[in-house]
Amino acid sequence: MNKLIASVRIALRALTVNRTRSALTMLGIIIGVAAVIAMVGVGAGATARIQAQIQSIGANLIMVSPGSISSNGVRLGSGAVSSLTEDDAKAIAKECPSVAAVAPTVRGTVQVVNGNSNWATSAQGVTPDYMTIRDYSMMSGEFFTTQDVDAAAKSAVLGATVATNLFGDNDPTGQVVIIKNVPFTVAGVLTPKGQSPSGQDQDDVILLPISTAKQKVLGANKANAKAVSSLMVQAMNPQAMDQAQQELTVLLRERHRIQPGEDDDFSVRNLAEVFAAQETSAQVMSILLGAIASVSLIVGGIGIMNIMLVSVTERTREIGLRQAVGAKTRDILSQFLVEAVTLSLLGGIIGIVLGLTASLLISHFANWSTQVSPLSVLMAFVFSALVGVFFGYYPARKAAYMDPIEALRYE
Amino acid sequence: MAAVIEIKDLVKDYKLGQVPVHVLKGISFEIERGDFVTIMGPSGSGKSTLMNILGCLDKPTSGIYKLDGISVGDLNRDQLAEIRNKKIGFVFQQFNLLARTSAAENVELPLMYTDTPAPQRHQRAMKALLSVGLAGREDHQPSQLSGGQQQRVAIARSMANDPKIILADEPTGALDSRTSIEIMAIFQRLNREQKITMIVVTHDPDVAAYSNRNIHFKDGKLQLDERIAQPRDAAKDLEQLPAEQPEAVAAA
């Protein structure tokens, strides 16, 4: 321990003798570490943002939409037929044990009017289950009830974007909006969710009871009054997703009388899987950025090795003298290793500070959330020490195994 | 008196390409504890090679070298380093002090490679500096000292770890004649008061006159080995010289 402190002191003295050179040598490590910290921070920020968006669409969601059918050899696209009904939704909720809730949905675009303001938005006819499935909460007012759905009440719930566009800063709850000449009472306003993972504004929406939506706003399907645009199915828990998917597929095939060997007339999408792919790509980006930044750390290490080699050659006589007065192989080795590690660690610490500053600046000016984890700081610190050991070893070894006679005579 | 150095049939060959060069061709002699020996000889006579072997910086090709009873030929690199640390002090022609390092820390250098705790290291360095007449200069760096003072720091360094022998290779080669006598006076005093065996390589017959024994080398062999009955006293010679000039700071 005593010797280590002494070596560190000798190393610090040697480094202060050539201040400019030491600073320039450290610069490589400083830039490398700062780049790693900032880039990993940017990547982690992106991942965190996507995770938050995935949270916002609701947990354990399976989306069932009408599928393609082929009729006499002509294949029609997905959604070409309205094969799903409210009865399907009720059956799934009742008969599939892995399913927690089902919300049938009808969708359309409508013009919503309040006095002399109007706004075009997506109208969704839903049941109260939709609120729990999508994990909505109310900013003001209440969601409409099952009774409202049964009675086809003229009640509407506004998304925050719609509310702002029609009412400004006023609370719309209890006010009346007009859709297709039908007055609706605003039951409440949803708490904003922000963007969906696919970039849509999740607050630009107006929710109506599914019955009212069909009868008064979107118009019922003439062939099948009970047809719906899609079903949102929520599994009991994340582990039950596959099970739920399987159960509802079997049930729907049975209900739709699809023979074995025939294609489904509906399609099932696991939303979490879709967005998990985006999350993965963000993580890949994060790793890629980190990897590119690590290259500069390695370049910095090579810079240290270069300068240490020069330093060893310059101090050949000093090394010879130290050997003559009794320095053993490992004394010289540790002296130069400590010097290299001191350089790289000092560079690492400065780099960490610089990297933290850079990621703060990025999130402030580029409006890009960054997350610097303590782990990445620790890793950068340890890694810069390792760079010092790795790239310092060869020069230190060269010094330690010098022939003392030649070293003493070196000019 | 027992011999501190025993050399028997010492041979050293170098390979210069394919041709072996015989530098030392079978040398035998002993140096007694507390003796003051000068070694002389023309360039290429093998005296530098002998110094390297005596200083445990190099190993003989064959023959026996015993330092303080230890046969050096069997030791490895690190064991040799330990022997140098404990038993030998080196003084060089070019002083070989660490630049930008205080006199005290230069003197402490051999003790850095021992287990001596820091306060004791400093204490011993101060004592060594005092005995070479440099008390009060311990914080000076080599560039702030004259050539003679630098060599005195080097001598203090050589004796810091209480060696059995001090090996000096042309210690006065870079100094003027007055400073040379000062250095020899210090050597004589260390030899007399601390019973350190002194071995000095020199070209200068005047320097040899201060020793008890003079060994001449030629062509890798002992040519002459004479006892000096009445060595000159360097301290007395200094008194004879005119009053001391202010020392000029060494240009180097």
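Which residues touch the most other members of the largest nonpolar core? Of the 123 residues in that core, I37(A) and A156(B) do so; a nonpolar core is a set of buried Ala, Val, Leu, Ile, Met, Phe, Trp, Tyr and Cys residues joined through C-beta atoms within 7 Å. This is a predicted model, in which local features need pLDDT of at least 70 and side-chain atom pairs count only at pLDDT 80 or more, while totals for chains, interfaces and linings use all residues. Residues are numbered from 1 along each chain as its sequence is written, and chains are lettered from A and ligands numbered from 1 in the order in which they are written.

- I37(A) touches I352(A), G355(A), L356(A), S359(A), V372(A), S376(A), V377(A) and A380(A), leaving aside residues up to four places away in sequence.
- A second, separate core has 55 residues, among them I62(A), V64(A), M131(A) and A163(A).

**Overall form of chain A**

- Chain A contains 13 helices and twelve strands; helices (H or I, at least four residues) and strands (E, at least two) are DSSP runs, numbered from the N terminus.
- The radius of gyration of chain A, taken over C-alpha atoms, is 34 Å, well over the 22 Å that the globule rule (2.2 Å times the number of residues to the power 0.38) gives for 411 residues, so chain A is more spread out than a compact globule.
- The C-alpha trace of chain A spans about 105 × 55 × 40 Å along its principal axes.
- The domain assignment, which is automatic or from a database, divides chain A into domain 1 (2-53 + 277-409) and domain 2 (82-264).
- The C-alpha centres of domain 1 and domain 2 of chain A are 57 Å apart.
- In chain A, 42% of the 411 residues count as buried; a residue is buried if 20 or more other C-beta atoms lie within 10 Å of its own, exposed if 12 or fewer, and partly exposed in between, with C-beta atoms placed from the backbone.
- Of the contacts in chain A between residues at least 6 apart in sequence, 81% join residues at least 24 apart; two residues are in contact if their C-beta atoms, placed from the backbone, lie within 7 Å.

- Four strands of chain B form an open sheet in the order β2-β1-β4-β5, with antiparallel pairing; two strands pair if DSSP finds at least two bridges between them.
- β2 (19-32) and β5 (70-71) of chain B stand at the edges with a single partner strand each, so one side of each has no neighbour in the sheet.
- Eleven bridges join β1(B) to β2(B), and L10(B) has I27(B) in β2(B) as its bridge partner.
- These two strands, β1(B) and β2(B), form a hairpin with two residues between them, and G17(B) in the turn has a positive phi of about 70 degrees.
- Five bridges link β1 (residues 3-16) of chain B to β4 (residues 62-67) of chain B, where E6(B) stands opposite K66(B).

**Where chain B meets chain A**

- 17 residues of chain B are in contact with 15 residues of chain A.
- α2(B) gives the most to the side of chain B that touches chain A, with six residues.
- By class, this side of chain B has eight nonpolar, three polar and six charged residues; Ala, Val, Leu, Ile, Met, Phe, Trp, Tyr, Cys and Pro count as nonpolar, Asp, Glu, Lys and Arg as charged, and the others, Gly among them, as polar.
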